[in-house]
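Please read them against the sequence and the coordinates.

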Amino acid sequence: MNWRCMSAGSSRVCVRMVGHKMEESYSETLKEQMSIVEMPLSDPPLCISCCPVNGDLLVGCKNKLVMFCLKYLVIKQNLTVLDFERSLILHIDNFIPAEVAFCARHIAITTELDVLILKLELVQQSADRTDQRAHTVSTLEKPADGGVKDEGPSTHTLQLELDEFIICQKPVELLGEESKLCEIPITLESTELPTEDTKRFQVRYLLFRRFTPDQSPFGFCEETKLHSVQLLPVYRTGSSVTAHEETENKRELLNLFCFFSLPHVGYLYSVGKLVELISTYQYSEKSEQAVLTPQFLHVITSGNLQCFTVRCSAAAARDEDPYIDTTVKACPPVALDVCTLRMQLFIGPRAICHFKNHIILLTKADTEDITERRKPTRRMLSRKADSIKSRTNSESEPGWNLYIINTVSTIQLYREMVDYSRTYENVKTESCIHLLSEAHLLVRAAIMDPSFLKSDEKEELLRAFRESCAALGDCYSRFDTKDYHLALPYYRMSGLSMTEVLKRLVSEGDEIQTYERGFIFYLTHSLNEDLNEELSKESANKVLQILYLADPVQLPHILCSPSMTNVCPLTAVKYLQKVEKMMPSVVLTLTKAFMALKMEDLMMYEHEMDSYKETILACGFIGQPKLLRQRKEGIAIPTEFAVHLKEMQPGLLVAATVALHENSKIELEEADTFFKVLCSNSENTIPQLLMDFWEALLVVCSQEEIVQELLLRVTSQYVWRISKKQLPETKPLKTTEDLINSCNHFGLIFPWVTSIMSAGSPSDKDYCEDISKLQSLLCSQSINIASALPVLEPLTEAGNVGLTIRVLCNTRLGKYEEAIDQLLKRCPDAAVLYAQHELKDDNRAVWWNKLLPELCKRTRLTGNDCPVLISSLKETLSVVAMELELKDFLSLLPEDGTAAFFLPHLLHCSQRKLLI
């Protein structure tokens with residue numbers, strides 16, 4: 001473009017030093033210029049790499065790597081330019097990099113036969129601001145002479161002198177933490193100006209691998225050396241990333257892959273969360289160069305361009321979605337063998353690179369022996385040897401060609417692979433699954449591409465993805481393979497309904513087919529789940545026939561599925577009777593009873609239900625809870641069986657639900673909803689059947705948290721009914737006496753409580769069952785009174801019932817004196833009974849400290865008009881006389897009291913002392 005402006009005396013290109021005079025370089029008149037940025041280096045560069053994530057540069061020189069960070073500088077409004085800053089130098093002694101790759105602070109370096117992968121990790125800022133500009137991060141100590149231990153100066157000199165000898169070290173592969181043992185110390189030198197925001201790094205070793213030259217009967221192959229090291233990032237493409245956030249800076253890195261190659265073998269590693277070898281590639285010819293993409297590996301040899309499949313999407317998918325490799329989702333395994341897709345002939349391929357869906361290929365068409373031109377000397381086997389050879393000036397050489405090859409679109413290639421897989425379909429081999437897996441991974445890789453959300457092929461790719469899942473589901477259903485269970489997740493991912501899957505696999509008519517394990521596995525799991533899909537009568541009957549032949553033990557379970565609602569009950573009973581002869585069970589009997597209800601055959605129903613005792617039937621529902629409830633759109637709906645039990649055998653229904661809860665088949669809240677729906681009650685109304693369930697659950701439940709919740713629930717309901725004078729709509733299954741005898745959370749009602757209630761109003765007798773249950777609860781030691789006080793508040797003023805509640809609560813809280821005050825005020829004849837029952841052991845002092853003084857005071861005020869007080873006072877004096885010394889007893893008596901009234905008690909107290 002430059003010559004267009006030469007006549008005007010201006011140039012479209014400016015050259016500037018990195019970070020130098022940015023304002024001058026971008027004046028208003030020259031802002032359309034293209035900039036060439038020069039980056040000075042102290043050593044000749046040997047290789048270079050640009051980070052595809054953030055644009056940073058890494059330059060490899062002898063014994064070091066230099067990192068330049070990309071910066072965005074705002075020169076003026078609406079004018080932002082790019083610049084670089086040399087920020088870090090990695091010093092690596094006795095290490096001459098042949099190639100380097102840089103991505104997201106991960107560095108891959110190769111020499112002729114060594115590969116080293118590192119990661120730069122941020123460290124916390126040191127409190128000491130005077131720390132050194134250079135610091136060593138390797139955990140290994142460097143040798144005293146500053147070189148590699150096994151390559152001292154004498155060894156190097158000897159190697160130069162004795163060219164007839166080749167020294168080869170053992171092949172080594174060190175992964176993860178073990179890679180620190182590679183004995184390649186690295187020193188970091190920070191070169192940016194220190195500020196508060198200065199980032200400091202440390203090195204983490206990820207992988208080290210050393211190869212040896214190929215050996216043959218004719219000696220060493222001197223052309224063995226590594227090439228084409230590359231780091232490939234894969235980004236997260238979940239729903240959390242929206243279309244407008246799909247920028248280079250906001251992409252979230254999901255995983256990172258590293259590829260490098262020898263002449264005849266290529267290696268692909270995952271170096272993200274876990275460092276592991278994913279794939280190994282065997283080439284049919286000696287490779288010259290390779291380039292890795294998310295979908296393919298392209299390799300050039302001396303005469304062709306080869307294309308291999310890759311497993312990056314399979315590994316990345318498992319990092320992105322935790323549900324893969326479960327019954328919900330699936331993906332072809334990372335260990336799936338790679339295959340060659342295409343091989344195209346070219347004359348003299350020299351170099352290859354990739355951009356989007358284009359392959360750029362450089363070739364040299366001549367008669368020169370290319371392998372001879374590239375043949376290294378034996379000196380190249382030494383790490384210290386200079387591997388740079390002068391080449392003939394190729395500017396004037398003819399025969400150079402540049403090809404830009406458009407790769408086949410994902411959809412087209414997917415269709416070709418699916419069509420080709422059909423050639424293996426009838427023979428039912430693993431080759432068909434392999435080809436469909438390759439096609440699936442091809443589409444999955446395209447979907448995981450960051451540009452997918454903006455792609456014109458988005459809908460077509462999603463449709464192809466679902467098709468591939470369906471095709472894989474078909475294979476795992478039809479083929480006899482060890483991975484038959486994958487039929488279920490692939491069909492789920494395909495979005496096909498059960499009816500559509502049946503149409504794909506089951507032929508029409510009555511002929512008997514043979515079905516493989518994958519299809520049976522899919523059917524049983526799908527039917528055992530709460531799907532919002534009802535099969536037609538024909539489909540349901542066909543499923544019944546299939547499972548009777550393939551897995552008859554599952555018949556009672558699948559008949560309870562919501563999907564089998566339309567099955568013919570008569571046909572179902574015939575199959576169940578056949579199964580019963582082979583494998584009788586309680587669940588099977590209950591299922592037959594369920595089918596009898598659907599046929600409205602009550603005689604058959606009663607016959608089946610009479611086959612076992614009620615307790616065994618209740619436990620039978622544990623084996624198949626869907627006999628009682630089924631889920632539709634997330635809501636537990638009672639079945640016809642449950643409705644019938646509610647009317648005819650409510651006790652069995654409650655016992656079965658309790659058994660389900662205790663065996664973790666139903667949660668407490670689910671049971672509440674179940675009974676409310678069953679009894680057609682509103683959300684805020686508690687049916688009696690639910691109360692029966694709560695009371696029955698209190699008998700067997702051992703979890704303290706649930707017990708306290710249940711106690712509060714039944715207490716609240718008792719209080720509500722008593723305060724609202726509301727009778728239960730059905731007769732309770734358990735009386736107070738039943739609960740006291742069977743449940744330790746209900747206690748015997750105290751005599752003083754009975755005494756108070758005997759003087760109650762006749763209206764209380766209508767609700768005596770709820771009242772007695774509530775009093776029995778409070779007479780036990782189970783309920784937390786402090787938590788129950790707000791619930792009991794409505795009854796505190798409710799006559800004698802309220803009095804018993806208040807006194808019971810004060811007693812449980814240790815407020816005995818308040819309880820006595822309440823009794824003496826409202827029901828004095830129960831005071832002594834209360835004291836006899838409650839004031840024992842450590843609380844006996846309340847007799848003479850509270851009860852006696854109060855009775856004396858109240859008797860003095862009323863005189864002989866209240867015989868109940870006088871009687872209570874006499875009983876209290878008798879108890880106190882037995883407990884206290886004569887002097888202490890005398891001091892408690894009122895000075896103005898009648899001597900004749902107190903004298904018998906004084907004599908009794910003194911005689912007790914003489915007897916002792």
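1. The model is a predicted one.

2. The partner of β3 is strand β4 (residues 57–61), joined to β3 by four bridges in an antiparallel arrangement.

3. N94 has a positive phi near 55° and sits in the loop between β6 (79–92) and β7 (99–103). The relative accessibility of N94 is 16%, so N94 counts as buried, the cut-off being under 20%.

4. R105 is not a glycine either, yet its phi is positive at about 65°. This residue belongs to the loop that links β7 with β8 (106–110). With 29% relative accessibility, R105 counts as partly exposed, a class that lies between the 20% and 50% limits.

5. Strands of a sheet pair through backbone hydrogen bonds, in either the parallel or the antiparallel sense. Here, an open sheet of three strands runs in the order β24-β25-β26 with antiparallel pairing. Because β24 (349–355) and β26 (400–406) are at the edges and have a single partner strand each, one side of each has no neighbour in the sheet. From one strand to the next, the twist averages 15°.

6. Within that sheet, six bridges pair β24 with strand β25 (residues 358–364) in the antiparallel sense. C353 is placed opposite I360 of β25.

7. Two packed helices are described by the angle and the distance between their axes. For helix α5 (residues 410–421) and helix α7 (residues 458–478), the axes come within 10 Å and cross at roughly 20°. Angles under 35 degrees count as roughly parallel, and α5 and α7 are therefore roughly parallel to each other. The crossing of α5 past α7 is left-handed.

8. Which residues make the contact of α5 with α7? On α5 they are T410, I411, Y414 and R415; on α7 they are E460, L461, A464, E467 and S468. By class, the contact residues comprise four nonpolar, two polar and three charged.

Note on methods: Residues are numbered from 1 along each chain as its sequence is written. This is a predicted model: local features need pLDDT of at least 70, side-chain atom pairs count only at pLDDT 80 or more; totals for chains, interfaces and linings use all residues. Side-chain values use heavy atoms; hydrogens and water are left out. Axes are lines fitted to C-alpha atoms, for helices over the stretch in contact, and angles run from 0 to 180 degrees between N-to-C directions. Helices (H or I, at least four residues) and strands (E, at least two) are DSSP runs, numbered from the N terminus. Angles under 35 degrees count as roughly parallel, over 145 as roughly antiparallel, 65 to 115 as roughly perpendicular and the rest as oblique. A crossing is left-handed if the near helix is turned anticlockwise from the far one by less than a right angle, and right-handed if clockwise. Contact means heavy atoms within 4.5 Å. Ala, Val, Leu, Ile, Met, Phe, Trp, Tyr, Cys and Pro count as nonpolar, Asp, Glu, Lys and Arg as charged, and the others, Gly among them, as polar. Two strands pair if DSSP finds at least two bridges between them. Buried means under 20% relative accessible area, exposed over 50%, partly exposed in between (1.4 Å probe, protein chains only).
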